[in-house]
Amino acid sequence: MERTLSIIKPDGVAKNVIGEVIKRFETAGIKIAAMKMIQLTKVQAQGFYAVHKERPFFGSLTDFMTSGPIVVMVLEGEDVIAKNRKLMGATNFEEAEEGTIRKDYATDIEKNVVHGSDAPETAAFEIGYFFNDLEIQKR
């Protein structure tokens, strides 16, 4: 059983598509092992995206991620990292496949509604950043 982190970003929360995103996960057979809505501080966003700190978009990304509440989730299932990334679609919504979350709801490359871990190591770090063991359901 694999786990990954999913975030519904501030634009997804503002567009009221939380339920639609969750429905897509559940329809795909993905289980939600933990979920909460939070508001990141600038320091928290910078810590989460520290891997991108030298990139030119770091400032705008962390500003955006602190602009409103987000929903963080631990998703669980067979090959859940790959399944979630397929459901999300390409980072650039213009390149995303029809029917993906980003194709349906994103408005630009940064405001692309969702985030998902890209590898088991990344998932472990990202899940640990937002959740402790007591908050994650054991199956």
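Predicted model: local features only at pLDDT ≥ 70, side-chain atom pairs only at ≥ 80, totals over all residues.
Visitor: Okay! How many helices and strands are in the protein chain?

Guide: You'll find seven helices and four strands. Starting at the N terminus, their order is β-α-α-β-α-α-β-α-α-β-α.

Visitor: And what is the radius of gyration of the protein chain?

Guide: The value is 14 Å, and a compact globule with 139 residues would come out near 14 Å, so the two agree. Along the principal axes, the C-alpha atoms fill a box of roughly 40 × 35 × 25 Å.

Visitor: What share of the residues is buried?

Guide: Buried residues make up 46% of the 139 in the protein chain. As for the accessible surface, the total is about 7300 Å², with 53% of that belonging to carbon and sulfur atoms.

Visitor: Let's switch to one residue. Where does A33 lie?

Guide: A33 is part of strand β2, which covers residues 31-38.

Visitor: Is A33 buried or exposed there?

Guide: A33 counts as buried because its relative accessibility is 2%, and the cut-off for buried is under 20%.

Visitor: Which residues does A33 touch?

Guide: Leaving out residues up to four places away in sequence, A33 touches V74, E76, E135, I136, Q137 and R139. Take R139: A33 and R139 are 106 residues apart in sequence, yet their C-alpha atoms are 8.4 Å apart in space.

Visitor: What about contacts across the protein chain, how many link residues 24 or more positions apart?

Guide: Among contacts with a separation of 6 or more, such pairs account for 76%.

Technical notes. Residues numbered from 1 in each chain as written. Heavy atoms only, no water. Helix = DSSP H or I, 4+ residues; strand = E, 2+ residues; numbered from the N terminus. Rg over C-alpha atoms; globule rule 2.2 N^0.38 Å. Buried < 20%, exposed > 50% of the residue type's maximum accessible area, 1.4 Å probe, protein only. Contact = heavy atoms within 4.5 Å. Areas by Shrake-Rupley, 256 points an atom, 1.4 Å probe, with all protein chains shown as cover.
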